[in-house]
Number of protein chains: 2
Amino acid sequence: MQTRKGQSIEDQSMEIIEQEIGDHPYSGFEWQVVRRIIHSTADFDFARQNRIIFHKDAIKNGLGALREGKNIIVDVNGIIGLLNKQNLADYKNNVICDISNPQVVKEATKLNKTRAQTAMRMRADEMNDGIVVIGNAPTALLEVIQMIKEGITKPKLVVGIPVGFVCAAESKEDLQKIDIPYITNKGRKGGSPCAAAIINALYKIVRESSS
Amino acid sequence: MQTRKGQSIEDQSMEIIEQEIGDHPYSGFEWQVVRRIIHSTADFDFARQNRIIFHKDAIKNGLGALREGKNIIVDVNGIIGLLNKQNLADYKNNVICDISNPQVVKEATKLNKTRAQTAMRMRADEMNDGIVVIGNAPTALLEVIQMIKEGITKPKLVVGIPVGFVCAAESKEDLQKIDIPYITNKGRKGGSPCAAAIINALYKIVRESSS
């Protein structure tokens, strides 16, 4: 839960963002999501060069999956730490992260893959109709794209916002070429605070539209 | 543990950073820390406008506290999720985060404080000789500064790299005025990936200097 003090700081932050952002291409729910990413990173760049890109059905599918208590599969535990726990409990969304699973470590070492990538492959079934959230590892995003192409999984939404210098930008371009709703961004930036901000913003919209 | 594939991607990333960074004011261990922050955020700005600032004893004290198995007190669980678990286990550093502690929630609500702030005040004893790591809440950093001024706690190192629009930049300026070693940065940017990168980089230096 958020205390009154915490809420007041958040409200003030959102006002400062509105005052300073200037021209940007977002409105409605999409702006609510982007604004929360800027709030979490203090980086206006997510509305500019490294701007956030939404598939036309991304918000609708994301809200639906949260409301219906579908799974959320994430690549790193850092995302879980930044998600609002009350929301997860109230909407009964199960968050899955296998990066530290000993079986994943063993398998990744054997196949010369990353742990994040191997963890995704193990959860094809749980991803069906759920939300996949990649905030760190481009290899995990590329694996999910490959799994979707193979037809072995069909998430409702892929949030693909990994960070880094090796294949991060490229993996996000590939994500935009498949036929599954996505939220992603241009370029190398990203990270677990961005990924968590997207999910927290979607939950806020769900709450506000049901109250 | 890191797989061979994961290590190879990390090595490639570090090479790209070295190629692209250009002139910067860092060297030695300090550059290892800053480089890992850039690796975690894909944001060269941490070596420029929002640059990282080290107290002269910060690295020495940080390495000492990790080696000696001292406590690490963090403001948000997001940092814990991004710390290398093998290091924590091997060096027996206890990571403490009370933000979701029901007693903290109750107390914060009663006193009209933030949860992060209230959690810091509860852990004055555990902070002694340990490392305090603030990656999210400026209110938590301001509380730690106040506690140090009151003389009720004396950490070996304060990593103060909160993010945001309300008091984040100001809290970091205040941190530089007290007589405790710190690692911080200029401006609004920061976050749990930066905070975790600093601790992970320090662990890497500990390992390399003991092998």
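**View 1. E143(B) in helix α9 of chain B.** E143(B) lies in helix α9 of chain B. Helices are DSSP runs of H or I with at least four residues, strands are E runs of at least two, and both are numbered from the N terminus. This is a predicted model: local features need pLDDT of at least 70, side-chain atom pairs need 80 or more, and totals for chains, interfaces and linings use all residues. Residues count from 1 along each chain as written, chains are lettered from A and ligands numbered from 1 in written order, and side-chain values use heavy atoms, without hydrogens or water.

View 2. E143(B) counts as buried because its relative accessibility is 7%. Buried means under 20% relative accessible area, exposed over 50%, and partly exposed in between (1.4 Å probe, protein chains only). Contact means heavy atoms within 4.5 Å. Leaving out residues up to four places away in sequence, E143(B) touches K113(B), Q117(B), M120(B) and R121(B). With R121(B), there is a side-chain to side-chain polar contact at 2.9 Å.

**View 3. Strand β5(B) and its partner β4(B).** Strand β5 of chain B spans residues 157-160. L157(B) and V159(B) point one way, V158(B) and G160(B) the other, and all are buried. Four bridges join β5(B) to β4(B) (residues 131-134), and the two run parallel. Strands pair if DSSP finds at least two bridges between them. V133(B) has V159(B) as its bridge partner.

**View 4. Strands β5(B) and β6(B).** Three bridges pair β5(B) with β6(B) (residues 182-185) in the parallel sense. Here V158(B) stands opposite Y182(B).

How values were computed
A polar contact is a pair of N or O atoms within 3.5 Å; within protein, one must be able to donate a hydrogen and the other to accept it, and residues adjacent in sequence count only if both atoms are side-chain atoms.
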